[in-house]
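Thanks for making the time this morning.

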Amino acid sequence: MKTLNFRAFIKMKKLLTVFLAAILCFSLFACTNNTEQADNYPYLTYEIDEESNTIAITGYDAKTIKGDLIIPDKIDGLPVTKISKKAFKGCKTLSSVVVPESVNSIGTDAFQNCVALKTAVLPDGLATIPIGLFSDCAKLEEVNIP
């Protein structure tokens, strides 16, 4: 039976400590970066189109959207170019929305049944206004259409 001498044991322990410290630092850095990105717009859910490096807004967090909403033109440095079908459907707290100029496509029923929605500003670059965009928005008073 072989025995480890004391010096070899201490050397292995130091190496293991350095290795674990490096892993811990890397893990903390990775977690911090992910948190920062998620905290930029916690009230929106979105998908990144890897092919075109663009963002599509796919939904929202009902607990955090209160009143006025200005959709950002960029998220994490990528342009927001699309609002997906039914993305804000049924948002009961949204009273106004401004869609940025970077958006060139909005899906059908994107703001359907937003019962508190009173005003909306659509971008100039929007080629078509989809079916049912503001259907069942009973309080809607003003829409700035390009």
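This is a predicted model: local features need pLDDT of at least 70, side-chain atom pairs count only at pLDDT 80 or more; totals for chains, interfaces and linings use all residues.

The chain has one helix and nine strands, where helices (H or I, at least four residues) and strands (E, at least two) are DSSP runs, numbered from the N terminus. Read from the N terminus on, the order of the elements is α-β-β-β-β-β-β-β-β-β. Residues are numbered from 1 along each chain as its sequence is written, and side-chain values use heavy atoms, with hydrogens and water left out.

Let me turn to the pairing of the strands, where two strands pair if DSSP finds at least two bridges between them. An open sheet of four strands runs in the order S3-S6-S8-S9, with parallel pairing. S3 and strand S9 (142–144) stand at its edges, each with a single partner strand, so one side of each is left without a neighbour in the sheet. From one strand to the next the twist averages 15 degrees, taking axes as lines fitted to C-alpha atoms, for helices over the stretch in contact, and angles from 0 to 180 degrees between N-to-C directions.

Going across that sheet, strand S3 (residues 67–70) pairs with S6 over four bridges, and the bridge partner of Leu-69 in S6 is Val-97. S6 and S8 are joined in the parallel sense by three bridges, with Ser-96 standing opposite Thr-119 in S8. Between S8 and S9 there are three bridges, again parallel, and here Ala-120 stands opposite Val-143 in S9.

Five of the seven residues of S2 are buried, buried meaning under 20% relative accessible area, exposed over 50%, and partly exposed in between (1.4 Å probe, protein chains only).

That brings me to the interior. A nonpolar core is a set of buried Ala, Val, Leu, Ile, Met, Phe, Trp, Tyr and Cys residues joined through side-chain atoms within 4.5 Å. The largest one has 28 residues, of which Ile-83, Phe-88 and Phe-111 touch the most other members. Strand S2 (54–60), strand S5 (78–83) and strand S6 (94–98) each supply at least two residues of this core, and S5 gives the most, with three. Leaving aside neighbours within four places in sequence, Ile-83 is in contact (heavy atoms within 4.5 Å) with residues including Ile-57, Ile-71, Phe-88 and Phe-111.

Beyond neighbours within four places in sequence, its contacts include Lys-86, Phe-88, Leu-133 and Asp-136.

For the chain as a whole, buried residues make up 30% of the 146 residues.
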